[in-house]
Amino acid sequence: MNSFNTAERVTQTGEARSPSAQIVTWQGYDVPRLEQVRFLLSERKLRASGRIVTAGPEEQFSGSFEVSVGETGNVTRLLLRTATVSEERQISVSRSSEGVWLVDHGQGAERADFDGAVDVDVQSAVLFNAIPIRRLNLQTEPGEHELPVVYVTLPDLSVRLVRQKYRTVSVGDEHSVVSFESGDFRQDITVDRTGLVVDYPGIAYRI
């Protein structure tokens, strides 16, 4: 598993390239799955676009997404598309500054508050674990939080409110470990100093 070199790079034209612009790829453990994301990081702010390809024997689909996280670390918008052999789907999930969520499957937006949630999680997409970890600085400072989260399943794009727990297990110079719980599921996730997943046992690891 490779760690990032965050030193500033210079292009052949002499123009400095931001050290926060990165492309990262994760590979699934048990299911043939790849998740590749290009993103920009700035403090708690994040803008990312990515693609997920799953080629399991029981389910094959592809998905693409764009997600924006504001300066406070709260999700402002998620656009997600999926394609299976039989159909294509899309969803837009956005949050206003007043905390109102709009969920639109292409047939008009529905309003919801999702119990004050400010985070979104997408099934098996490990980028989204970084959003609450970075907002709460769990990769650098010990903490424990139970959060309401807007959860989107793949590939059907159903949306529901879930409760997730994040707790710092250890903080290191290069990598930290954060415990994640949702329902009966629990796993210790290794993240880097920016809060991005390095190893999520049983789900995916960075390549």
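Because the model is predicted, local features require pLDDT of at least 70 and side-chain atom pairs count only at pLDDT 80 or more, whereas totals for chains, interfaces and linings use all residues. Residues are numbered from 1 along each chain as its sequence is written, and side-chain values use heavy atoms, with hydrogens and water left out.

The structure contains 5 salt bridges, a salt bridge being a side-chain nitrogen of Lys or Arg within 4 Å of a carboxyl oxygen of Asp or Glu. One of these pairs D115 with R163, with 2.0 Å between the closest N and O atoms. D115 lies in the loop between strand 10 (109-112) and strand 11 (119-122) and R163 in strand 13 (residues 159-170), so the pair ties together parts that are 48 residues apart in sequence. Helices (H or I, at least four residues) and strands (E, at least two) are DSSP runs, numbered from the N terminus. D115 is partly exposed, with a relative accessible area of 42%, and R163 is likewise partly exposed, at 40%. In these terms, buried denotes under 20% relative accessible area, exposed over 50%, and partly exposed the range in between (1.4 Å probe, protein chains only).

A salt bridge is also formed by D119 and R135, whose closest N and O atoms are 2.5 Å apart. This pair links distant parts of the chain, with D119 in strand 11 and R135 in helix 1 (residues 130-135), 16 residues apart. D119 is buried at 1% relative accessibility, and R135 is buried with a relative accessible area of 15%.

R206 and D192 form a further salt bridge, in which the closest N and O atoms are 3.2 Å apart. Here, too, distant parts of the chain are linked: R206 belongs to strand 17 (residues 204-206) and D192 to strand 15 (residues 185-192), 14 residues apart. Both residues, R206 and D192, are buried.

T153 is located in the loop between strand 12 (144-152) and strand 13 and is buried, with a relative accessible area of 9%. Its side chain makes polar contacts with the side chains of D156, at 2.6 Å, and S158, at 2.5 Å. A polar contact is a pair of N or O atoms within 3.5 Å; within protein, one must be able to donate a hydrogen and the other to accept it, and residues adjacent in sequence count only if both atoms are side-chain atoms. When residues up to four places away in sequence are not counted, T153 touches Q123, S158 and R160 (contact: heavy atoms within 4.5 Å). The C-alpha atoms of T153 and S124 are separated by 8.5 Å, the two residues being 29 residues apart along the chain.
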